[in-house]
Amino acid sequence: MSVLLQNCRIITAEKDYLADIYISKDKITDIGVNLLIQADQIIDASGKYVIPGGVDVHTHLDMPLGDTFSSDDFETGTRAAAFGGTTTIIDFATQSRGMRIRDAFDLWMRKAEGKACIDYGFHMIITDLSEAQLRVMDEMVQEGVTSFKLFMAYPNSLMVDDSTILKAMNKAKKNGSLICVHAEDGNEIENLIKQSITDGKKEPIYHALTRPPSTEAAAVKRVIRLSKEANVPVYIVHVSSFDALKQISDARLEGYPVFAETCPQYLFLSIEDLRRQNFEGAKYVFTPPVREKWHQEKLWEGLINNSLQIVSTDHCPFNFKGQKDLGRNDFTKIPNGGPGIENRMQLIFEGGVNQKRISLNRWVEITSTAPAKIFGMYPKKGTIAVGSDADLVVWDPNAEHIINARTHHMRVDYSLYEGFKVNGMAEVVISRGEVIIDKGRWLGNIGRGEYIKRKSSIEP
Ligand code: DUC
Ligand code: ZN
Ligand code: ZN
């Protein structure tokens with residue numbers, strides 16, 4: 001199978017130019033002006049941008065939480081991602097306490113197998129690091145799991161102590177993997193939650209008020225200190241506040257390899273959303289919480305000046321009816337997470353490019369290239385080059401769209417961005433040479449996605 005894309009305005013992280021792109025089987029094999037090559041399929045991209053497929057390095061599909069699961073599995077979640085122009089995800093396999101890392105990896109591989117519609121990799125969440133499991137980290141790297149996430153929050157389930165983080169960092173230094181951290185001070189937050197419940201303060205807004213920015217900043221500061229001690233890079237996931245960002249940008253100015261992502265929910269939503277009436281605030285319960293509105297512009301600045309390198313989604317959807325309402329009388333029982341895998345590219349295009357905060361190149365960089373580089377998939381993913389996987393999106397910059405739960409493809413009964421008007425949408429989506437979306441129609445096969453054995457992370 002071959003595809004010729006003609007009249008493309010190709011946008012990568014570095015370039016912006018006109019050319020045709022030729023795809024043979026699953027790879028880009030030629031890029032040039034007026035290519036005269038026969039092809040099975042010709043796509044005219046006049047007036048559109050052609051970008052590398054989006055790379056979302058933070059998703060939770062089919063994720064267990066208490067007695068429930070995130071509402072998108074690998075089929076519905078990856079299909080929705082594709083509709084939004086994302087062609088690669090990295091999901092999180094979780095080693096629950098007492099579980100072997102190898103078993104967690106096998107379990108998540110089974111969840112994705114036969115279901116994933118786009119290519120996928122895994123990070124491994126570590127909760128238990130005995131000497132035996134420490135050795136398994138090396139095995140995981142051989143399997144292509146080259147990043148590990150550790151939690152400084154959730155004392156009763158996922159949290160690990162600083163010595164465990166340090167142990168993981170020392171191992172990562174030897175095997176070339178990257179340590180990712182959920183940075184919130186779990187003990188401090190636990191005290192604030194206990195006090196809030198004792199005081200009868202149980203509405204969704206208290207989710208944010210018991211996790212103030214200071215608890216995020218304190219944890220970021222602590223983990224940066226640990227990474228300096230171990231002399232390794234560190235990656236901070238889902239940065240939500242200026243306070244946390246400041247710790248990161250200060251460390252980077254001093255020359256330390258601290259990397260970080262933020263997510264659309266922190267760029268577009270605020271603590272006011274948690275105050276919505278009739279328990280609607282529960283839709284906005286995810287961790288870290290939404291902040292006061294002024295933090296949004298600070299996070300955009302972080303993306304502009306490269307203190308933040310990536311926008312991922314932390315897609316972790318739970319239905320309002322039947323899941324979020326488990327916490328109707330107590331915010332601590334609201335399943336923690338929100339949907340967004342389908343909306344990332346268009347939201348960052350709207351808030352970034354259309355609102356003139358960032359260039360087209362930077363949009364591609366933070367949504368595709370840097371994620372591929374930092375997480376060991378470049379140049380297979382994250383760029384448009386001869387030899388790269390043919391993961392491409394024909395992006396219509398003028399398409400008008402109103403985001404809403406009725407028409408989105410995520411399996412969740414609400415949208416965090418209901419009614420948001422955005423210009424710009426994925427028109428054609430190609431994954432490894434196969435047109436899987438054409439003008440809103442799904443053409444791919446379920447389960448066609450392939451597992452990506454990632455290499456060690458490299459600096460962007
Ligand atoms: N952290 C995540 O990254 N995702 C869901 C919940 C959480 O605490
Ligand atoms: Zn987290
Ligand atoms: Zn997450």
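The model is predicted: local features need pLDDT of at least 70, side-chain atom pairs count only at pLDDT 80 or more, and totals for chains, interfaces and linings use all residues. Residues are numbered from 1 along each chain as its sequence is written.

**Ligand 1**
- The residues around ligand 1, with a heavy atom within 4 Å of it, include Lys149, Phe151, Tyr154, Thr287 and Asp314.
- The side chain of His58 has an N or O atom 2.9 Å from an oxygen atom of ligand 1, and for His238 the corresponding distance to an oxygen atom is 3.2 Å.
- A nitrogen atom of ligand 1 lies 3.3 Å from a polar side-chain atom of His182.
- Ligand 1 taken alone exposes 240 Å², and the protein buries 94% of that (Shrake-Rupley method, 1.4 Å probe).

**Helix 11**
- Helix 11 spans residues 294-304 (helices are DSSP runs of H or I with at least four residues, and strands are runs of E with at least two).
- His295, Gln296, Leu299, Trp300, Gly302 and Leu303 of helix 11 are buried (under 20% relative accessible area; exposed means over 50%).
- These residues lie on the same side of helix 11 because they cover an arc of only 155 degrees around the axis.

**Backbone angles**
- Most residues other than glycine have a negative phi, and most peptide bonds are trans.
- The peptide bond from Thr287 to Pro288 is cis, with omega near -5 degrees, and Pro288 is in the loop between helix 10 (271-274) and helix 11.
- Asn278, in the loop between helix 10 and helix 11, has a positive phi of about 55 degrees and counts as exposed at 67% relative accessibility.

Note on methods: Chains lettered and ligands numbered in written order. Heavy atoms only, no water. Buried < 20%, exposed > 50% of the residue type's maximum accessible area, 1.4 Å probe, protein only. Arc of directions from axis to C-beta. Polar contact = N/O pair within 3.5 Å; in protein donor to acceptor, adjacent residues only side chain to side chain.
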